[in-house]
Amino acid sequence: MELSPILISLRTATVSIFITFFLGMAAAYGVVRMRHEKWKMLCDGLLTLPLVLPPTVAGFFLLYIFGIKRPLGQFFLEFFGVKIAFSWGATVLAAVVLSFPLMYRSARGAFEQVDVDLLYAGRTLGMSEWKIFWKVLLPNAMSGILSGGILAFARGLGEFGATVMIAGNIAGKTRTLPLAVYSNVAAGDMQGAYKYVLILVLISFFVVTGMNYVTYIFQKHDRR
């Protein structure tokens, strides 16, 4: 069994969750603070869209935008010397795009569940909005935010459709665990596929257990 798919998947998921966590939290905070309900619904629809799109369709759009012969892809290649399509960076891009809605919606739900009276109390005491966010909103929403981050990590780790479209299935470079399972099955190597599947199942189990543990810890803290 080759170890490269495991290492590539873990590396991709780790980098992507670092990006997704902060982007999703910032987007959720921005949407929650919107006053105009129609703009809020429009932004929410756009930010959630990758969640309901088939992954291959999302990958098609990514390839259309960041392909070598596309303006944005050419821009990165000419000015930064970075080739996005069919590179390891493309696996991160696919993981970020497909896992972002989970992080965004979890963070938004967590922010909206915070008692608004706590926010009003902070404003009454003369706290700035920035301080209210760090001292009041974020601590009270942390359980939902961390749960969203764990789910987004698992989603990035298991991404297949968009990854194969924008990054390809290059052994030792862009072949993640889901792609390794597909490649082994296609080649008739069921034993190799079983091993990769077992690794994915174990990682997914620990992710879900971790999410439940985080929820339990925060609920126990709230009871105190």
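How far apart should the end C-alpha atoms of helix α3 be, at 1.5 Å a residue? The 12 residues of α3, 55-66, should span 16 Å, and the end C-alpha atoms are 16 Å apart, which agrees. The expected span here is 1.5 Å times one less than the number of residues in the helix.

Before going on, some ground rules. This is a predicted model, in which local features need pLDDT of at least 70 and side-chain atom pairs count only at pLDDT 80 or more, while totals for chains, interfaces and linings use all residues. Residues are numbered from 1 along each chain as its sequence is written, and side-chain values use heavy atoms, with hydrogens and water left out.

Let me stay with α3. Its buried residues are A58, G59, L62 and F66; buried means under 20% relative accessible area, exposed means over 50%, and partly exposed is in between, with a 1.4 Å probe and protein chains only. Seen down the axis of α3, these buried residues fall within an arc of 100 degrees, so they line one face of the helix. The arc is taken from the directions from the helix axis to the C-beta atoms. As background, an α-helix has 3.6 residues a turn, so residues three or four places apart point the same way. What do the buried residues of α3 pack against? They pack against α4 (71-80), α5 (88-113) and α8 (161-166).

Now the whole chain. There are 10 helices and 0 strands, both being DSSP runs numbered from the N terminus: helices are H or I with at least four residues, strands E with at least two. Of the 224 residues, 40% count as buried. The C-alpha trace spans about 65 × 45 × 30 Å along its principal axes. Among contacts (heavy atoms within 4.5 Å) between residues at least 6 apart in sequence, 70% join residues at least 24 apart.

Next, the record. An unreviewed UniProt entry lists residues 6-215 as "domain: ABC transmembrane type-1". UniProt positions are in the numbering used here, feature names are shortened, and annotations may be inferred rather than shown by experiment. In the model, that span is 81% helix and 0% strand, and its end C-alpha atoms lie 28 Å apart. The entry also gives "transmembrane region" for several stretches, including 6-32 and 86-104. Residues 6-32 are 100% helix, with end C-alpha atoms 37 Å apart. Residues 86-104 are 89% helix, with end C-alpha atoms 27 Å apart.

One residue deserves a stop. F86 is found in the loop between α4 and α5. Its phi is near 60 degrees, a positive value in a residue other than glycine. Most residues other than glycine have a negative phi. Is F86 buried or partly exposed? At 33% relative accessibility, F86 counts as partly exposed.

Last, the spaces. On a 1 Å grid over the protein atoms alone, a cavity is a set of points where a 1.4 Å probe fits but cannot get out; a pocket is an open set with protein on both sides within 12 Å along at least five of seven lines; lining residues have an atom within 4 Å of a point. The largest cavity has a volume of about 50 Å³, and α1 gives the largest share of its lining, 3 residues. The largest pocket has a volume of about 340 Å³. Of its 17 lining residues, V32, R33, R35, L119 and R123 lie nearest its centre. Volumes are the space filled by probe spheres set on the points, with grid points joined across faces, edges and corners.
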